[in-house]
Amino acid sequence: VQLQACGGGLVQAGDSLRLSCVASGRIFSSHVMGWFRQAPGKEREFVAAIRWGRASTYYADSVKGRFTVSRDNAKNTVYLQMNSLKPEDTAVYYCAVGPGLGYSDSSYNYWGRGTLVTVSS
């Protein structure tokens, strides 16, 4: 499986941005697609995840109510809609796929190259 994330950019606080991640290769209904981010000088952290089959969603507390993860099976694409962005959301965002739900990056087997999101105050 190969993943390609895109959609990052420079926005102002309060703005919205939508990230996309296209997967090439077979994605099974049991798979989980995750979004992680890594801010400068910090460890990579879980942001959100969605089960490919059931579309059950999971969020970090820091983004709950502001971010929405969704997927389009026909396009093999997962999205991360980010609203009410804050400067502390500034990070490189990564998409990943794994065999089951996990909140640490060790739970995911395949990773895309990150896309940078910068939120100015």
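The model is predicted, and local features need pLDDT of at least 70, side-chain atom pairs count only at pLDDT 80 or more, while totals for chains, interfaces and linings use all residues. Residues are numbered from 1 along each chain as its sequence is written, and side-chain values use heavy atoms, with hydrogens and water left out.

**Overall fold**

The chain has 11 strands and zero helices. Both are DSSP runs numbered from the N terminus: helices are H or I with at least four residues, strands are E with at least two. The radius of gyration comes out at 13 Å, close to the 14 Å of the globule rule for 121 residues, so the chain is as compact as a globular protein of that length. That radius is taken over C-alpha atoms, and the rule is 2.2 Å times the number of residues to the power 0.38. Along the principal axes, the C-alpha atoms fill a box of roughly 40 × 25 × 25 Å.

Of the 121 residues, 42% count as buried (under 20% relative accessible area; exposed is over 50%, partly exposed in between, with a 1.4 Å probe and protein chains only). As for contacts (heavy atoms within 4.5 Å), take those between residues at least 6 apart in sequence: 54% of them join residues at least 24 apart.

Four strands make an open sheet in the order 1-3-8-7, with antiparallel pairing; two strands pair if DSSP finds at least two bridges between them. Strand 1 (2-6) and strand 7 (67-72) are at the edges with a single partner strand each, so one side of each has no neighbour in the sheet. From one strand to the next, the twist averages 15 degrees (axes are lines fitted to C-alpha atoms, for helices over the stretch in contact, and angles run from 0 to 180 degrees between N-to-C directions). Inside this sheet, strand 3 (residues 17-24) and strand 8 (residues 77-82) run antiparallel and are joined by six bridges. Cys-21, for instance, has Val-78 in strand 8 as its bridge partner.

**Aromatic rings**

Searching the whole structure turns up six aromatic pairs. Rings of Phe, Tyr and Trp (its six-membered ring) pair if their centres lie within 6.5 Å; planes under 30 degrees apart are stacked, over 60 edge-to-face, and the rest tilted. Here are two of the pairs:

| Pair | Centre to centre | Angle between planes | Type |
|---|---|---|---|
| Phe-36 and Tyr-108 | 5.2 Å | 75 degrees | edge-to-face |
| Phe-46 and Tyr-103 | 4.8 Å | 80 degrees | edge-to-face |

Phe-36 sits in strand 4 (residues 32-38) and Tyr-108 in the loop between strand 9 (91-98) and strand 10 (110-111), so their pair ties together parts 72 residues apart in sequence. Both Phe-36 and Tyr-108 are buried. The other pair also links distant parts of the chain, with Phe-46 in strand 5 (residues 45-51) and Tyr-103 in the loop between strand 9 and strand 10, 57 residues apart. Phe-46 is buried at a relative accessible area of 10%.

**His-31**

His-31 lies in the loop between strand 3 and strand 4 and is buried at 16% relative accessibility. Beyond its neighbours within four places in sequence, His-31 is in contact with residues including Arg-26, Trp-52 and Pro-99.
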